[in-house]
Amino acid sequence: MSTSTHTFTAFAVEQIPTIGVGDDLAATITRALADQDTPLSDGDIVVVASKVISIAEGRHVALADVTPGPRALELAAATGKPATLVQLILDTSSEHFLATDRGPIIALHHLGLQLTSAGVDRAGPDGAWLLPIDPDASARALRNALARSTGSHIAVVIADSDGRADRRGSTVISIGAAGIAPLRVTEHTGPDGSTKRQEETLLDLVTGAAGLILGQRGRGVPVVILRGIAYEPSDDGVRSILHKPPR
């Protein structure tokens with residue numbers, strides 16, 4: 001497959017119903033695509049918000065079951081976050097720091113991902129959603145199920161919203177992937193004959209493109225299809241490009 005992209009299209013999978021614990025995401029996505037008369041094509045990249053993966057996998061935690069420790073209480077006082085939520089952030093990460101005196105909390109998740117609040121997402125006033133246990137495995141399972149139901153050779157990328165320590169606002173990054181090589185590698189030969197090799201994190205470029213549509217304007221769209229992007233098939237996943245992958 002060519003690794004040069006000249007143009008691509010992106011569109012939301014509309015009318016995805018509210019996802020519940022144990023729901024079949026592949027079947028839900030397939031039905032929604034059929035309803036909008038937009039079947040998957042070979043080479044499509046299906047970008048899915050991590051929250052619906054977490055919900056389907058039952059990654060809910062009741063805050064009443066969490067007991068905050070001294071560090072969580074300290075960070076809660078500084079950031080204004082509930083101490084129980086802060087404790088979950090600490091429990092799911094190995095390192096953390098505050099981007100400013102009042103946050104946000106930037107944490108290195110046990111998965112090896114550096115994320116705002118370690119990817120912990122509020123679930124109303126009394127609960128929280130944790131990241132999938134193994135996002136790459138979740139992406140492979142969804143890719144395989146979609147391939148079986150549609151007969152198309154596709155890729156799946158799991159996206160999570162994330163803030164940056166150096167600026168306000170949030171963006172989206174990839175936390176899991178299947179069917180797409182995580183890096184785009186180019187080599188250029190200079191006038192002196194030397195070769196320069198450049199690696200781009202293709203997964204995050206893909207996720208950023210989908211992020212222009214994912215969940216915007218209160219629509220809560222959790223699935224976006226990207227069509228026309230050139231990539232090499234691979235199941236290496238996000239884990240393969242992390243500086244501190246989980247052991």
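Two strands count as paired here if DSSP finds at least two bridges between them. Helices (H or I, at least four residues) and strands (E, at least two) are DSSP runs, numbered from the N terminus. The model is a predicted one: local features need pLDDT of at least 70, side-chain atom pairs count only at pLDDT 80 or more, and totals for chains, interfaces and linings use all residues. Residues are numbered from 1 along each chain as its sequence is written, and side-chain values use heavy atoms, with hydrogens and water left out.

**View A. An open sheet of 3 strands, ordered E4-E5-E6**. The pairing is antiparallel. E4 (93-98) and E6 (114-116) sit at the edges with a single partner strand each, so one side of each has no neighbour in the sheet.

**View B. Zooming in on E4 and E5**. Here 5 bridges join E4 to E5 (residues 105-109), and the two run antiparallel. Look for Phe 97, whose bridge partner in E5 is Ile 106.

**View C. Helices H3 and H4 against the sheet**. H3 (residues 70-79) lies across E4 and E5, at about 30° to E4. H4 (residues 83-91) packs on the sheet too, touching E4 and E5 (contact means heavy atoms within 4.5 Å), and its direction makes about 125° with that of E4.

**View D. Helix H6 (residues 202-211), largely enclosed by the rest of the structure**.

Methods. Axes fitted to C-alpha atoms, helices over the stretch in contact; angles between N-to-C directions. Buried < 20%, exposed > 50% of the residue type's maximum accessible area, 1.4 Å probe, protein only.
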